[in-house]
Structure formats: structure tokens, C-alpha cells
Amino acid sequence: MAVNITGYKKIKKELDEKKVTLVAVSKTKTQDDIKSLYDLGQKDFGENYVQELVDKYEALPKDIHWHFIGHLQTNKVKYIASFVHLVHGVDSEKLLAEINKQAAKANRVIPCLLQVYISKDETKFGFDEPELETLLTKIENNKALFKNVSIQGLMGMATFTEDNDLIKTEFMFLKSLFDKCNTTHNSQLTTLSMGMSADYSFAIDAGSTMVRIGSLLFGERKP
Ligand SMILES: *Cc1c(COP(=O)(O)O)cnc(C)c1O
């Protein structure tokens, strides 16, 4: 299926007006698909699979901001550490420690989002509220241990459901947690990554600053 250029322009305009960053989720899509949005000025792209991301990074223009939005395995961090722009799905302290280690080797600081489990879908990943608070406190008290990662915010995925009220409740919960981190924990979180093709309007209403949209731009993916 062809890239939805008209849809892209409309969504991009709406998001620009609301000061929300668009991450175009290009997993399973071709380099030509990515190029067609890149040529319109899109710089932020999201990928879920390490090998696919590395291949695209090597082949495509170097000013693309590559977001890793999938479930990142600790043993694969090393392949993307030198160039990844933002890791959205940090869901364990072990993973954060490995990102820190590989970032140090690459002589850089890697921006990260901590993933919070807000949905009822058991296949999703992330911290619950107490775990999140424990980790933020630990980072705060051990800055030297985590000096090659920068926690920029939170990421979450709502339940896959037709129940819009449930989706809204989950996004509002994540936004309240985000605000709480910035007040109670004195964190300086700026990015709240929530919202996908089906639910991004609800996410923005709830206070999202970054949405990850794939199928609305690139068409449905093959399962
Ligand atoms: C695939 C994916 C998206 C994009 O999903 P669409 O429904 O195609 O917009 C967003 N976020 C994550 C974490 C994904 O894995």
C-alpha cells in the first residue's frame, strides 16, 4: 500500500498546531516509504526491530532521528547505541544499566523514556507506579551510575479496545503520573510519549507531547 501523503500532511499540521511531536512508525515498511515522508520534511521515525533499524540507519540519510519504540533486548543495545535518538520502551533497570554502559562506550548520552504499564493487555511491558518511583529515586541518588543516560519522560500504551473511556482513563492516569514525577520527585521530564493511529486524539487531549503513528501514514502492516 502507498504512503498516505495527504493524511501525513493533515496529521502533521494538526500536531504542529498542538506542539506535539510526530514519530512516524515505519516498522516493516520500505526505505522508499520512509524516503517519501523524509522528502516532505519528516525527520523522526520509529522502529521496533534492531536489525531492521540498523539496516535502515545505514541506508538512509544521517539526519534522521531514529526512535526505538519496541521491546529492546539487553543483548541488542550495542547495535543501536551509537546512533539511536530516543529509546521509548525502557522497562527494566537492567536494560537502563546496559543502555548506560553502551552509551559510555559510544562516548555519548542516550535519551530514554521509561515505559509504564497502563493497560489491561498482558502482552505489554512496563513499570507499575511503585516500581517507577523506586527507579526514579535510585537514579536521583546515584547520578554517577547513570551518567550516560538521560531520562526525558514516560511512554505508555493503552489497552487495545473499543472502549474509549477506558483508553482515556489510562492516558489520563499516565499524564497524572508524569506530572507527579515532576513535582514529587523533582524530575525534569519533558516528553510524554503516548498515542498511536487509533487513539492519538485521546492521548493528545490527555496531554501527550509525542505520538507514535504508523498505519495511518504508511497503511496497514501485514501481520
Ligand atoms: C507499531 C507501534 C506503533 C504504531 O502503531 P499504529 O497503530 O500503526 O499507529 C506505536 N507504538 C508502538 C510501541 C508500536 O509498536
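Reader: How far does a polar side-chain atom of Arg221 lie from an oxygen atom of the ligand?
Author: The distance is 2.7 Å. Bear in mind that this is a predicted model.

Reader: And what about Ser197, how far is its polar side-chain atom from a ligand oxygen?
Author: For Ser197 the distance from a polar side-chain atom to an oxygen atom of the ligand is 2.5 Å. Gly214 uses its backbone: an N or O atom there lies 2.8 Å from a ligand oxygen.

Reader: How much of the ligand does the protein bury?
Author: The protein buries 90% of the 390 Å² that the ligand exposes when taken alone.

Reader: Which residues around the ligand come nearest?
Author: Lys27, Asn48, Ser197, Ser215 and Arg221, out of 13 residues around the ligand. By class, that shell has 6 nonpolar, 4 polar and 3 charged residues.

Reader: Which pocket does the ligand sit in?
Author: The ligand is in the largest pocket. That pocket holds about 850 Å³ of space. It is lined by 30 residues, and those closest to its centre are Lys27, Lys124, Met157, Met196 and Arg221. The lining splits into 12 nonpolar, 11 polar and 7 charged residues.

Reader: Switching topic. How much space lies in the second largest pocket?
Author: About 270 Å³.

Reader: Which helix and strand each supply at least two residues of its lining?
Author: Helix 6 (129-141) and strand 6 (149-156). Lining residues of this second largest pocket include Leu136, Phe146, Ile151 and Gln188.

Reader: How does that lining divide by class?
Author: The second largest pocket has 6 nonpolar, 4 polar and 2 charged lining residues.

Notes:
Residues numbered from 1 in each chain as written. Predicted model: local features only at pLDDT ≥ 70, side-chain atom pairs only at ≥ 80, totals over all residues. Heavy atoms only, no water. Near = heavy atom within 4 Å. Polar contact = N/O pair within 3.5 Å; in protein donor to acceptor, adjacent residues only side chain to side chain. Areas by Shrake-Rupley, 256 points an atom, 1.4 Å probe, with all protein chains shown as cover. 1 Å grid on protein atoms, 1.4 Å probe; cavity = no way out; pocket = protein on both sides within 12 Å on 5 of 7 lines; lining within 4 Å. Sits in = over half its atoms within 2 Å of the grid points. Nonpolar A, V, L, I, M, F, W, Y, C, P; charged D, E, K, R; others polar. Points joined across faces, edges and corners; volume = space filled by probe spheres on them. Helix = DSSP H or I, 4+ residues; strand = E, 2+ residues; numbered from the N terminus.
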